Amino acid sequence: MWLTGLPSAGKSTLATALAARLREQGRRVEVLDGDELRRTVSAGLGFSRADREENVRRVGARAAELARAGAIVLVAVIAPYADSRAEVRRLHVAAGIPYLEIHVATPIEVCMRRDVKGLYKRHAEGELTGLTGVDDPYEVPEAPDLRVDTRHEPVETSAKALDNLLHVRIPPVS
């Protein structure tokens, strides 16, 4: 399950909440968080288009690896480009791995108010350029498997919707 959206949209928060629900159900789950992955599997990559695409490719490969090993993988990564997300989907489908794309569709004004990592503030102060959704593109998914708007519903409501989708598309093994 790939959660994509703007910085501070709530991707990691939703992935963490859903992971807790799934673990309570006895399901094996792994969370791949974009910030953590940038420090590990994608250390050394910058924020050019090529580096962002390489980051998504690496994360997609890691997610597929974990899924083949039997985990439900929740990926919380911006993944700003539609073609990169489509390539990750193709990789999973070709390997027979279910893939769900979730658009965490939080408006930029809300993301700017949250500004969890201070990115929008740093951008406004001229300390940062290339911020996704501001001066670097974010290509909104045209047909995600689910779109959630975290400004109107509590985290637990969104996590429940993701859990319901997962149960329909990837039922638990008895």
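Reader: Which residues have the most contacts inside the largest nonpolar core?

Author: This is a predicted model. In soluble globular proteins, nonpolar side chains tend to be buried together. Here the largest nonpolar core has 26 residues. Those with the most contacts inside this core are Met1, Leu3, Leu22, Leu74, Ile102 and Leu162.

Reader: Which element supplies the largest share of this core?

Author: At least two core residues come from each of α1, β3, β4, α6 (119–124) and α7 (155–169). The largest share is 5 residues, and its source is α1.

Reader: What does Leu22 touch, not counting residues up to four places away in sequence?

Author: Helix α1 covers residues 11–24, and Leu22 is one of the residues with the most contacts inside the largest core. Not counting residues up to four places away in sequence, Leu22 touches Arg27, Val29, Ile72, Leu74, Asp163 and Leu166.

Reader: How many residues are in the second, separate core?

Author: The second core is separate and includes Val59, Ala71, Val73 and Val88. Its size is 14 residues.

Reader: Which strands stand at the edges of the open sheet?

Author: The sheet is open, with 5 strands in the order β2-β3-β1-β4-β5 and parallel pairing. An edge strand has a single partner, so one side of it is left without a neighbour in the sheet. The twist from one strand to the next averages 20°. The strands at the edges are β2 (29–33) and β5 (146–148).

Reader: What is the bridge partner of Trp2 in β4?

Author: Strand β1 (residues 2–4) pairs with strand β4 (residues 101–104) in the parallel sense, over 3 bridges. In β4, the partner of Trp2 is Glu101.

Reader: At about what angle does helix α1 run to β3?

Author: Helix α1 lies across β1, β2, β3 (72–76), β4 and β5. Relative to β3, the helix runs at about 165°.

Reader: Is Ala17 buried or exposed, and which residues does Ala17 touch beyond four places away in sequence?

Author: Ala17 sits in helix α1 and counts as buried, because its relative accessibility is 16%, under the 20% cut-off. Between the C-alpha atoms of Ala17 and Glu156 there are 7.0 Å in space, although the two are 139 residues apart in sequence. Not counting residues up to four places away, Ala17 touches Val155 and Ala159.

Reader: What are the phi values of Ser8 and Ala79?

Author: Most residues other than glycine have a negative phi, and most peptide bonds are trans. Ser8, in the loop between β1 and α1, is buried at 11% relative accessibility. Ala79, in the loop between β3 and α4 (82–94), is buried at 1%. Both values are positive: near 70° for Ser8 and near 45° for Ala79.

Reader: Which side chain is joined to that of His103 by a polar contact of 2.6 Å?

Author: His103 lies in strand β4 and counts as buried at 6% relative accessibility. Among the residues that His103 touches are Thr4, Tyr138, Pro144 and Val148. The side chain that makes the 2.6 Å polar contact belongs to Arg147.

Reader: What is the length of the polar contact between the side chains of Thr106 and Thr150?

Author: Thr106 is in the loop between β4 and α5 (108–114), buried with a relative accessible area of 4%. A polar atom of the Thr106 side chain lies 2.8 Å from the backbone oxygen of Ala9. The contact between the side chains of Thr106 and Thr150 is 2.5 Å.

Reader: How far apart are the closest N and O atoms of Arg52 and Asp136?

Author: The structure holds 17 salt bridges, and Arg52 forms one of them with Asp136. Arg52 lies in helix α3 (residues 49–68) and Asp136 in the loop between α6 and β5, so the pair ties together parts that are 84 residues apart in sequence. Arg52 and Asp136 are both buried. Their closest N and O atoms are 3.6 Å apart.

Reader: Which residue forms a salt bridge with Asp35?

Author: Asp35 is in helix α2 (residues 34–39), and its partner is 82 residues away, in the loop between α5 and α6. Asp35 is partly exposed, with a relative accessible area of 35%. The closest N and O atoms are 3.2 Å apart, and the partner is Lys117.

Conventions: Residues numbered from 1 in each chain as written. Predicted model: local features only at pLDDT ≥ 70, side-chain atom pairs only at ≥ 80, totals over all residues. Heavy atoms only, no water. Pairing = 2+ DSSP bridges. Helix = DSSP H or I, 4+ residues; strand = E, 2+ residues; numbered from the N terminus. Axes fitted to C-alpha atoms, helices over the stretch in contact; angles between N-to-C directions. Contact = heavy atoms within 4.5 Å. Buried < 20%, exposed > 50% of the residue type's maximum accessible area, 1.4 Å probe, protein only. Core = buried A, V, L, I, M, F, W, Y, C linked by side-chain atoms within 4.5 Å. Polar contact = N/O pair within 3.5 Å; in protein donor to acceptor, adjacent residues only side chain to side chain. Salt bridge = Lys/Arg side-chain N within 4 Å of Asp/Glu carboxyl O.
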